[in-house]
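Colleague: I would like to learn how to read a protein model step by step. Could we take one feature at a time?

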Amino acid sequence: MKRYIDPDKSLWQELTARVMVDDAVIEGRVASILERVRKDGDKALIDLASEIDKVDLSAGIEVSQSEIAEAVALVSDELKASVEAAYANIHKFHSAQKFIPVDVNTSPGVRCVQKAVPIQKVGLYIPGGSAPLFSTVLMLAIPAKVAGCREVILCTPCGRDGKVASAVLYAASLCGVDRIFKVGGAQAVAAMAYGTQTVPAVDKIFGPGNRYVTKAKEMVSRKVAIDMPAGPSEVLVMADESAVPSFVASDLLSQAEHGPDSQVILVCDNEDLAYKVQMAVDVQLEALPRKEVALKALSESRMIVIPSIDRQIEFVNMYGPEHLIISMSDPWSIAERITAAGSVFIGNYTPESAGDYASGTNHTLPTSGWARSMSGVNLDSFVRKITYQEITREGISALGSTIVTMAQAEGLDAHANAAIIRIKS
């Protein structure tokens, strides 16, 4: 990891930058995929699966009930128990987020109401590949069901044997996902956005993915809502003398192993701690099966020594990390001053992986600095807020002159007349 000692603020813009990749080529490829799926539907999905993934989907795109039952039987009892424990915590936390309706009389005879209404059709994208993210099924399907979404579908790539990862199907079954499709990549996003003969179009698409999936979500967002812009995963750890170097190192590596473009950052108050963390990283790295992936991520990652607590907080808020771990002697006082982070992990015994799996919070979070302006996935992500108003005869008599004066001042006489005609009646 690159090390910086009390860098001048003129360098902060560079130090908070993410790895930028020219995606012009990817954009062209994704545009072609989207258009093929939009025009040819299922045929395009089958052809693209053969061309890109070397998978034969001619026997069927949708996962059958018998395939789900077979997969559920293959999942070990130990993993089932763990998934069920995580399910309980995630369900409990998201159920507590239910919106309380607003119903107020803003003035005599004028009633205003706000209610939460579930999005009717949602599509969940679950990455496959070397690490099928069954945990993401829980993070997306549970709040969708708690919110009351009428139809929840899921797209995920299958292996060359035509089978979806058993743990993904088990989690989907546990959560009550309505339909599951063996479609991955940009073509899955296209299918959920435009609809095909088999895959229904949805109102909003959720889920992480590679650069192709991310670009596809960005491009279809003109037609269908998406959860958020997504980029490579990232973590920032704030640490002081109370931190345990081996704990800090494990958190940095747990994020670095996600992918070669992941970014991990340590912000601490002294060089000795940075050195100890680096030594712990080197030791733990040797035991990682995904060592080469982590090494590539670490090459673009940073250790930054900033002696001043105030400047540390300022730097963190400027960076806006997806995950923020505060391993400091008074972590809550620091956390209260953080204004930009996707999810915050407090104290030495709260690993980032707890939020990834089982504590109850959601792990679908804004990256690339979007935490400065966006929230992670939560129950609100699956609902729309609708407002209602009801005005009585007495109410329009009292409020009418205000409406008329403002409408006429804007030169909108029909607006004014809509109130005048009621007042005169």
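Predicted model: local features only at pLDDT ≥ 70, side-chain atom pairs only at ≥ 80, totals over all residues.

Colleague: How many helices and strands does the protein chain have, and what box do its C-alpha atoms fill?

Modeller: The protein chain has 17 helices and 14 strands, and its C-alpha atoms fill a box of roughly 85 × 60 × 45 Å along the principal axes. Buried residues make up 45% of the 425 residues. Among contacts between residues at least 6 apart in sequence, 74% join residues at least 24 apart.

Colleague: Which residues of H3 are buried?

Modeller: Here a residue counts as buried when its relative accessible area is under 20%. In H3, the residues Asp42, Ala44, Leu45, Leu48 and Ala49 are buried. They cover an arc of only 150° around the axis, so they lie on the same side of H3. The buried residues of H3 pack against helix H2 (24–40) and helix H8 (185–194).

Colleague: What follows H3?

Modeller: H3 is followed by Lys54, whose phi is positive, near 60°. As a general idea, most residues other than glycine have a negative phi.

Colleague: Where are Asp6 and Ser368 found?

Modeller: Asp6 is found in the loop between strand S1 (2–5) and helix H1 (12–15), and its phi is near 40°, a positive value in a residue other than glycine. Ser368, which is not a glycine either, has a positive phi of about 55° and is found in the loop between helix H15 (352–357) and strand S14 (383–391). Asp6 is partly exposed, with a relative accessible area of 38%, and Ser368 also counts as partly exposed, at 35% relative accessibility.

Colleague: With which residues is Pro245 in contact, leaving aside its neighbours within four places in sequence?

Modeller: For this feature we look past the neighbours in sequence. Pro245, found in helix H10 (residues 245–256), is in contact with Leu273, Lys276, Val277 and Ala280 once neighbours within four places are left aside. Pro245 and Ala274 are 29 residues apart in sequence and 8.4 Å apart in space, C-alpha to C-alpha. Pro245 is partly exposed, with a relative accessible area of 21%.

Technical notes
Residues numbered from 1 in each chain as written. Heavy atoms only, no water. Helix = DSSP H or I, 4+ residues; strand = E, 2+ residues; numbered from the N terminus. Buried < 20%, exposed > 50% of the residue type's maximum accessible area, 1.4 Å probe, protein only. Contact = heavy atoms within 4.5 Å. Arc of directions from axis to C-beta.
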